[in-house]
Structures are given as C-alpha cells and as structure tokens.
Amino acid sequence: MPVYEKEGTKVWQRRTQAESLMRWAAWLTATAVFVYCWQQISEATTWFFVWDAPRIAEDIWTRATPPRWEYITQLGRPIWDTLNIATLGTLIALCFAVPVAFMAARNTTPSATFVRPIALLIIVSTRSINSLIWALLLIAVIGPGVLAGVVAIAIRSIGFCAKLIYEAIEEIDHTQVEAITATGASRWQVMAYGIVPQIAPAFAGVAVFRWDINIRESTVLGLVGAGGIGLQLSSSLNILAWPQVSLILLVILAAVVLSEWVSAKVREAII
Amino acid sequence: MSTELDAVLGQRWKKPPLIKRRWLRWTIGIGSLAYLVAAFMTIDVNWARVYEGLDRGAAFILAFTSPDFVSRASDIWEGLLESIIMTVAASVVGIAISIPIGLGAARNIAPLPIYLICRGIVAISRALQEIIVAILLVAIFGFGPLAGFLTLSFATIGFLSKLLAEDIESMDKVQAEAIKASGARWLQWINYGVQPQVMPRLVGLSMYRVDINFRESAILGLVGAGGIGATLNTAFDRYEYDTAAAILILIILIVMSLEYLSGIIRARVQ
C-alpha cells in the first residue's frame, strides 16, 4: 500500500505513482480513440440533414398517424409465416444443437483433440453471423421465401443453443453419471438416464428463450426477402405508405411483447 | 406411502413421463403435432428453385476454402473500419448513458417517478429491434454511420441499463447502509457503497455489449446505416462468393478475438 511521509504525517494513497500514471495513460488513449471515431463519423455525415432532422421526424410522424387499421386484414398470413419461421427454425436448430453440444462439452466429447475444436468452430461461426446475413446468403442460394427464413433462423440458433446446452452439460453432477455407469449401462444408456434428465430443464429453458429471440428476429427477416411480416414492412416502406408502416410496427411490437410474456410464463413453469 | 409401494413392487420400472397429468400430456402432444402439420402445409417451397440453387450453395461453401481478400480489399477495409468506429463510439456513448438510466431503473435507490421513466426508456429500447430503429433513423438523419451510431447507442441503453438495474437491485444492502451511516452524500454513497459491488459485472456486461454491437453493426449497412453490411450485401448481389466469404471470415475472426479479450478482462476484474 503506497504511504508517503509528508511534513511528518503519513499520507495514504490508493495507488502508487506508476499505477496512477498507467491509468492516466489508458484513459488518455481511450479518449483519443473515441474522439478519432467521432471525428470519422462526423466527417461521413451530412450535417445539413441532421439539423433538419426534427422537421423530418415531425413530418414522418404526421404521415404515420393514425395507423391504417383496415390494413390489418392483410397481415394475418404474414404473421402466421413469421410464427412458423421462428418455431420451425428453433426446432431444426435444436435437432442440430444437441449433438454439437455433446461433442463440445469437455465431459462428453468423443475426442477432445479432434471433435471438440470442430464443434466449437461450428458454435462460434454460426453465432457470430446475424440471421439477416444468413438470410441474404440463403436467398441467393435457395431463392426468396419462407424456407430461406426458416433455414437462416435455424443456422443462427445452432451456435447459441449449443453453447448454452454444452455449458449445462459441463456443469452436471458427476455422481449420478457414475451411478448409472456402475450398473453396467452402455454409453447411450448413460446419456439417456445419467445426463439427459439433468440437462432437461436447462434445455427447455434454452429452447423457449431462443424461440422468443427468434420471433423478434423473424419479424425483420422479410426486409431482405425471407418471408414473414418484414416483407410487408419493406414493401410499405418502399411505397412510402407510412400509415401502413406504423400499423406493422405496432403489430411487431405486440408480437414481441406477447412472445416475451409466453416465454417468461413457460420458463417459470419449467424451472 | 406403503400402498403406493405395493402397487409398484414386482412391476417393471418405467421412466416417469415428463408431464404428469395425462390429459395435459395428450393435449400438448396432439396440439403441437397439429401445429407442425399446419405449418408444413403452409410453407410453399419452390423445390425446382431450391434444386437449382444447390450448385450455388456448393460454390459458396467452396468459396470459404479460397476466400478473396485482395480484389475488393479497399472496400472491405473501409467497411470494416466504419463498423469498428461505429461500434467503439456507440459503445462508449451507450455505456455512459446507460449508467444513470440503470441507476434510475433500480427500485431500491430511485424514487418511483424516476424509476417509472427509466423503466419506460428501457422497455422501449428493448422492444424495438436494431434494424427497425436503423430504418427510422436513416429516414430521419439520412444515410451514413451517424444513423448506425445512434441505433447502436440506443440498443446499448436498453440492454445495459436493464441488467445493471437488476444487479443493483440484488446488491448487498449492508455495505451501502454502512456508507450511508458514515454521513456520505448521495453521490458518495453511490460511489463507495453501490459502485464497487456492481463494477465487475458492469465491466463484463459492457465487454459483452461491445461484442454484440460489432455483430449488429455488420447488418446495419443493409438499410444504409453504414458499416460492412453494405459491402457484404453488394458481394452477395453480384454472386461474388469469394469476397463474401472473406468478409464473413473477417467478421468471425473479430468476434472471436473480442470474445477472447472479454474473457481475459472479465477474469481480471472478477
């Protein structure tokens, strides 16, 4: 602890001089980086439009209100598609996520040197790329439509689900597994009776949690052409039909709040 | 208890069902089956188009083995730099704003009116997806990284304030009371009683949010809010899969290194 003599009295300081110097340098660098970033953003901005922004915002607001309520009759099918994209995508993702999770968990992986890195790579690469980018890619490959959305959501969710499930597998109670093994159970029986019951609550929680996120994500997938209510949003935006846009945004908001409520209720019931 | 045991004795053991009530089990089972059938029936898939596209899918997967970093190097570099700049600026501003809002959204330190206002801000920010906010902000502020920066800052506020507020609400009261008993002013109370308790988690969450912001900044370009997304979109549109693969690999690498970095930082502060 740095204590200095100063005119006969001891003065306590929180940090040594070297430490405070280091901290000061770190803050200076961080500030410089932030200022540089802000400068770059400001250079790429047309400030005239920004000063004009309040007027534009008011203009859009007057155009968008009131929402065109009768348009809601045309939104039934897109909402059904959105729900399907999220649900089927989550189900497909779970089918792939479980084996990947078992291969990635340290205590269940068949081979820590060969299989585990591959499983971890699958988890990282599917997780780092947003579902909109997967959708863009899949639209180029399999054409626009609901299927591209389902597959995009599925791929994006594999990494997320697998990561949470494999962390749950690594945290299981080992004595139960040993007890099942001691009865002479085969590898698969150990999994079915020793491991699966322990991770089942975590698995269900992850599934519902991801479904909730997927509802959110599938509402905007249509912006790139992958089906769902986003298609209506993008076409309304393209024809500048602001009353329709505001209605669609309200519907999306309702869907998000509803799915969050459902997922919270289900998780409460399970855990 | 013994009658239950008598009923079970001598019988083969069966795995107990997941849902105990039989009618609920059957309702849920049949209901989900019906839903699945209905869902599959209503997805219209153009299988001929899918079959046609499989070649392109294979070409794309092959492109990952020979990504082309060179021929569009300047576009990729500019896009990535813009994404990183947006991420850094939005994270700094977002974190700075979300700390006071997080304090206000914690019921144990904020009075009711402030609590309600801050919770309202958090709820609005969490309910709107980044991409929708970006569309609106691009319409208002024009194309460019400013719209992306504002979008990410706004999204950061919702995420960080909520988690910070929950952390403050579950903090240890004793320490905070001890500081208050020593006659500290409000700011001193926050600084010495509350902040040390939530700091490790705040740093961890901030690092996690930087990571999310970078990932999100990659898609904001799709709607004109700056970043690598525009370059990526163009690469897909022109079927330049090798360039697209290069961009995706770069995104994955940056996200991986950010995760690694945040792991180190979190291990140090906790």
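Q: What makes residues of helix 11 of chain B count as buried, and which ones are they?
A: Buried takes 20 or more other C-beta atoms within 10 Å of a residue's own, while 12 or fewer is exposed and anything in between is partly exposed, with C-beta atoms placed from the backbone. In helix 11 of chain B, the residues that pass are B:Tyr241, B:Asp242, B:Thr243, B:Ala244, B:Ala245, B:Ala246, B:Ile247, B:Leu248, B:Ile251, B:Ile254, B:Val255 and B:Leu258. The cover over these includes helix 5 (115-128) of chain A, along with helix 3, helix 4, helix 9 and helix 10 of chain B.

Q: Before we go on, what is this model and how is it numbered?
A: It's a predicted model: local features need pLDDT of at least 70, side-chain atom pairs count only at pLDDT 80 or more, and totals for chains, interfaces and linings use all residues. Residues are numbered from 1 along each chain as its sequence is written, and chains are lettered from A and ligands numbered from 1 in the order in which they are written.

Q: How do you know that the span of helix 11 of chain B is close to the expected one?
A: The expected span is 1.5 Å times one less than the number of residues. Helix 11 of chain B has 29 residues, for which 42 Å is expected, and its first and last C-alpha are 42 Å apart.

Q: Why is B:Arg126 called partly exposed?
A: B:Arg126 has 18 C-beta neighbours inside 10 Å, so it lands in the partly exposed class. B:Arg126 sits in helix 5 (residues 112-127) of chain B. Setting aside neighbours within four places in sequence, B:Arg126 is in contact (C-beta atoms, placed from the backbone, within 7 Å) with B:Gly158 and B:Lys162.

Q: Why is helix 3 of chain A called oblique to helix 6 of chain B?
A: Helix 3 (residues 53-64) of chain A and helix 6 (residues 130-141) of chain B pack at about 120°, axes 8 Å apart. That angle makes the pair oblique, because under 35 degrees is roughly parallel, over 145 roughly antiparallel, 65 to 115 roughly perpendicular and the rest oblique.

Methods:
Axes are lines fitted to C-alpha atoms, for helices over the stretch in contact, and angles run from 0 to 180 degrees between N-to-C directions. Helices (H or I, at least four residues) and strands (E, at least two) are DSSP runs, numbered from the N terminus. Two residues are in contact if their C-beta atoms, placed from the backbone, lie within 7 Å.
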